[in-house]
Amino acid sequence: MNRNIKYNGLLSCIGVWALLFLFTACDEKEYAIPAAKTELQNDVIKRSLGPNVAGLDIEFAYAMALGYGKGKITRATVEASIPGAPGTYMDHRSYHTNSSGIDVGIEVGMPSATEGGRTTVNFTADTAAATLRYFYIIPEEAKGKSVTFTFSAEASTGEKVSYSMGPYEIAKMDMKRLLTVVDSSACYISIADMAVLTPEQAAANPQKVDLIYLYRNVPNIMFNHSMVSPTTNAEYLRGAVIPSGASNNTKIRKEWNVRDRHLADLQFGIYVDDLDFEKLDVSQAPNYALNLRAESGAWVETADGKYRAYIYINSVNNNNKSAVISMKRYAL
Amino acid sequence: MRFRKIKIFIPLLIFVLIGNSCKENFPVDEDGLLITDRAECYVSNFELLGSDFQTVRTKNPVIDTVAQTIDVEVFYGTDLKNLYPQFTLVTDAKLDPKITGFTDFSDLANPRVYSVISGNRKVRKPYTVRITVQQP
């Protein structure tokens with residue numbers, strides 16, 4: 001009996017709470033447009049994607065704003081923890097996107113001045129809001145390190161704001177784009193130099209020849225544009241001239257669908273990064289790659305084990321017996 | 001009194017439900033695959049991919065379900081040590097050994113043999129994969 005009373009009490013209590021929730025749940029509040037802040041504010045977005053490779057840039061858009069009629073922006077500054085390479089700058093135009101989707105820049109200040117890691121734009125326009133773009137050219141000395149950025153703005157009201165971005169890891173790999181290889185002439189590829197050597201250069205430095213490019217139109221088989229190491233079987237050399245002393249047994253593995261955006265002239269959405277080279281295993285790969293097509297590629301490891309690389313085929317030309325290649329290289 | 005009855009009834013119901021839930025209705029093999037009544041046992045299609053996951057076949061494979069052979073011609077210069085075979089089998093059948101990654105087919109004198117096991121797991125047919133390399 002006593003237990004029944006307790007049980008009923010509990011049920012009543014739950015019922016009362018449920019009713020209370022039901023009545024309060026539908027209580028509507030009138031929406032009011034929030035009052036805009038009038039103090040100096042700032043925000044940053046990173047516009048560039050993919051691994052940060054030395055020689056390329058990291059792009060940011062730095063927005064700053066002050067309440068209308070309160071004053072004007074006087075200065076925008078970016079401080080990078082590692083000074084950028086020559087060419088690092090902050091655009092002195094404020095950009096907005098028009099109705100056609102085109103970015104329109106309006107000059108708001110003097111061209112930026114960079115001193116060490118500090119880049120400054122002094123405003124000349126009377127403006128309370130601006131979005132400036134900052135292009136940080138990644139220097140060689142930043143490879144394998146991380147870099148941070150502090151964006152700051154000053155207003156005529158004396159207010160100062162700042163915004164930190166990063167750290168961003170800078171890739172260890174190197175990149176070289178658009179090297180032309182031509183059958184029987186500029187056909188010797190050096191991974192260490194990231195260069196294409198002529199027969200004379202190859203003869204002078206045979207140890208630098210990692211791969212030989214050749215084009216052969218052989219009936220019944222698909223040989224076409226190929227890259228072979230100097231020590232591959234004669235049947236894959238097809239009469240290619242091997243410089244005396246060139247003996248690198250370079251491993252090479254064909255790849256398809258790894259169309260790196262950096263190497264492919266900002267097409268596609270794939271990036272080869274340091275991690276790909278670190279995990280690469282081409283120990284079982286052959287020392288030749290035949291019938292390489294445009295937009296394909298090949299993973300390579302040099303015979304001395306010092307470098308791994310990804311060679312991308314930008315284009316091929318059967319008539320000229322040539323190809324345009326780009327490469328990313330990682331020092332082990 | 002009624003409350004006490006409910007207290008006993010609910011755990012009892014849970015035990016009954018748990019007991020029934022693990023009851024097996026269909027037989028499965030050591031791989032957890034369903035064993036069915038099908039006795040058909042053959043390869044219906046075969047693909048061979050290179051290290052770039054592109055086909056290395058020069059033409060369609062010739063699958064002889066009587067002789068239990070698969071003849072494939074591959075492009076000149078194909079890296080035979082790193083090939084990825086793909087079998088299409090009759091419904092419910094399975095392959096032994098399983099394909100776990102790139103496989104070495106370079107020993108052309110001793111072609112690789114894969115067995116197809118029927119859906120009822122009672123028929124086993126070995127298929128020999130014979131590779132020839134395109135020549136100029």
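Let's start with a pair inside chain A: A:Glu301 and A:Arg308 form a salt bridge, their closest N and O atoms being 2.9 Å apart. Both partners, A:Glu301 and A:Arg308, are buried. Keep in mind that this is a predicted model. Across all chains, a search of the whole structure turns up 24 salt bridges.

- In chain A, the side chains of A:Glu255 and A:Arg253 meet in a salt bridge at 3.7 Å, N to O.
- Of these two, A:Glu255 is buried at 9% relative accessible area, whereas A:Arg253 counts as partly exposed at 23%.
- Over in chain B, B:Asp96 and B:Arg124 pair up through their side chains at 2.4 Å, N to O.
- B:Asp96 sits in strand 5 (residues 94–96) of chain B and B:Arg124 in strand 7 (residues 124–133) of chain B, so this pair ties together parts that are 28 residues apart in sequence.
- B:Asp96 is partly exposed, with a relative accessible area of 30%, and B:Arg124 is partly exposed too, with 47%.
- Chain B also has a network of salt bridges linking B:Asp29, B:Glu30, B:Asp31, B:Lys94, B:Lys98 and B:Arg121.

**Where the chains meet**

- Chain A puts 21 residues into the contact and chain B puts in 14 residues.
- About 1500 Å² is buried between chain A and chain B, with carbon and sulfur atoms giving 54% of that area.
- You'll find zero salt bridges between chain A and chain B, but there are six residue pairs in polar contact across their interface.
- On the side of chain A that touches chain B, helix 1 (2–25), helix 3 (234–237) and strand 17 (251–255) each supply at least two residues.
- Strand 17 of chain A gives the largest share of that side, three residues.
- By class, that side of chain A has twelve nonpolar, two polar and seven charged residues.

Methods. Residues numbered from 1 in each chain as written. Chains lettered and ligands numbered in written order. Predicted model: local features only at pLDDT ≥ 70, side-chain atom pairs only at ≥ 80, totals over all residues. Heavy atoms only, no water. Contact = heavy atoms within 4.5 Å. Buried area = accessible area lost by both parts, 1.4 Å probe. Salt bridge = Lys/Arg side-chain N within 4 Å of Asp/Glu carboxyl O. Polar contact = N/O pair within 3.5 Å; in protein donor to acceptor, adjacent residues only side chain to side chain. Helix = DSSP H or I, 4+ residues; strand = E, 2+ residues; numbered from the N terminus. Nonpolar A, V, L, I, M, F, W, Y, C, P; charged D, E, K, R; others polar. Buried < 20%, exposed > 50% of the residue type's maximum accessible area, 1.4 Å probe, protein only.
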